[in-house]
Amino acid sequence: MNTEKIRQDIRGLSDGKIFLNNAGSSLMPSIVLDAMKEYLELEEQIGGYEAANRNAEALEQFYDETARLINVKPSNIAFATSATEAYAKALSSIMFEEDDVIITTADDYISNQITFISLQKKLKVNIIRTKNLSDNELDLEDLENLIKKYNPKLIAVTHIPTNSGLIQNVEGVGRLCKQYDVLYLVDACQSVGQLAVDVEKIGCDFLSATGRKFMRGPRGTGFLYVSDKVLEQNYAPLLLDMRGADWTEFNNYELFKTAKRFESWEISYASLMGFTKALQYANNIGLNAIEHYNRGLSVRLRENLRNSGFNVWDWGENLSSIVTFSGPDGDLEKIQHVLKEHNVFFSVTHKNSALIDFARKNINGIVRLSPHYFNTVEEIDVVSNVLKRAFF
């Protein structure tokens with residue numbers, strides 16, 4: 001990991017900040033913004049249609065790079081304007097009926113939980129949440145019993161919750177979904193870009209992700225993976241447009257064969273171009289190397305915080321590069337003040353964003369630091385020492 005070279009590629013670090021909010025929206029490599037500006041300048045000169053025509057081959061590289069990232073075929077990839085859009089389009093392709101069951105977890109992302117509740121209210125589907133073991137890992141035995149009991153229409157799991165460092169056992173869930181032939185949706189919003197994510201190993205039917213977090217792409221970008229099985233069974237978004245199907249008769253259409261049927265016709269091609277550069281950048285470094293480096297940073301940060309007397313709220317055996325903590329008396333305000341004073345970028349999550357998890361932990365919120373591969377061990381120690389001196 002050539003951290004010095006990587007940091008030279010980030011104009012956003014020129015003012016001396018310590019950027020530890022990569023789980024929110026990371027800093028882009030300079031090539032990302034440069035590609036977007038160049039594309040927009042071309043649109044300014046010749047219009048959007050001609051710019052897209054002249055860059056058709058370069059724009060198609062998005063599908064190749066995304067496929068390379070998660071070990072699938074380009075035909076399984078759809079561009080999305082966000083992980084939320086990708087997730088919603090996957091859900092909309094499933095024809096839920098009254099009394100259908102969705103099984104999810106207590107640690108699923110707030111937007112997903114709200115979406116499930118919305119489906120419950122509008123379509124009268126049932127939402128069941130599987131249990132956690134004493135170490136906070138998913139209870140796969142409980143999940144299997146729920147599958148046998150409820151015969152669910154869908155199982156949905158967030159790979160890494162936004163409010164803690166937990167990495168959920170999506171591969172174990174995938175084996176059960178395959179065994180019982182259940183549709184499986186994975187939210188990889190926080191895992192893609194910081195971990196080596198292999199869809200072949202996970203065994204899911206859908207996987208959604210964003211560009212702005214650990215992928216270091218622009219906001220307004222994301223993608224959806226759709227399995228061959230789902231495509232062959234003619235799953236498609238509820239509201240299609242001409243990107244998804246060919247209008248063949250006055251009252252009929254024919255679905256396109258690839259996952260592009262999950263896209264919308266109108267997107268920002270400048271953003272897609274920028275996201276492609278971010279994907280190339282991460283792929284060229286290698287996600288295994290990124291995961292290994294990130295693990296070292298996050299382990300060190302947690303140990304520093306615990307040793308200093310802070311409460312670290314990442315429960316589980318397998319933890320990610322999201323570190324959540326509070327002061328010894330649950331304080332968040334002083335931590336925020338100290339971090340801002342020292343030009344450290346972070347985020348805060350309150351109880352309404354992680355209702356089940358924070359109720360279980362009996363806390364009202366956390367400060368979140370999320371180091372990434374352009375951060376250094378020295379930065380981790382500087383932040384740790386700044387916090388320690390302010391509190392102890």
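An open sheet of 7 strands runs in the order S2-S8-S7-S6-S5-S3-S4, and its pairing is mixed. Two strands count as paired if DSSP finds at least two bridges between them. Helices (H or I, at least four residues) and strands (E, at least two) are DSSP runs, numbered from the N terminus. Strand S2 (77-80) and strand S4 (126-130) stand at the edges with a single partner strand each, so one side of each has no neighbour in the sheet. From one strand to the next, the twist averages 20 degrees.

This is a predicted model, in which local features need pLDDT of at least 70 and side-chain atom pairs count only at pLDDT 80 or more, while totals for chains, interfaces and linings use all residues. Residues are numbered from 1 along each chain as its sequence is written, and side-chain values use heavy atoms, with hydrogens and water left out.

Back in the sheet, strand S5 (residues 154-158) and strand S6 (residues 183-187) run parallel and are joined by 5 bridges. Ala156 has Leu185 in S6 as its bridge partner.

Contact here means heavy atoms within 4.5 Å. Axes are lines fitted to C-alpha atoms, for helices over the stretch in contact, and angles run from 0 to 180 degrees between N-to-C directions.

| H13 (residues 333-341) | S12, S14, S15 (365-369) | about 25 degrees with S15 |

The sheet that H13 packs on, touching S12, S14 and S15, is also open: 4 strands in the order S11-S12-S15-S14, with antiparallel pairing. Strand S11 (311-312) and strand S14 (347-350) are at its edges, each with a single partner strand, so one side of each is left without a neighbour in the sheet. S11 pairs with strand S12 (residues 323-326) over 2 bridges in the antiparallel sense, and Val312 has Phe325 in S12 as its bridge partner.

There is a helix pair to look at, too. Helix H2 (residues 30-46) and helix H11 (residues 269-285) have axes that come within 8 Å and cross at roughly 155 degrees. That makes the two helices roughly antiparallel, a term for angles over 145 degrees. Residues in the contact include Ile31, Met36 and Leu40 of H2, and Met273, Lys277 and Tyr281 of H11. By class, the contact has 11 nonpolar, 2 polar and 1 charged residues, where Ala, Val, Leu, Ile, Met, Phe, Trp, Tyr, Cys and Pro count as nonpolar, Asp, Glu, Lys and Arg as charged, and the others, Gly among them, as polar.

Methods: Angles under 35 degrees count as roughly parallel, over 145 as roughly antiparallel, 65 to 115 as roughly perpendicular and the rest as oblique.
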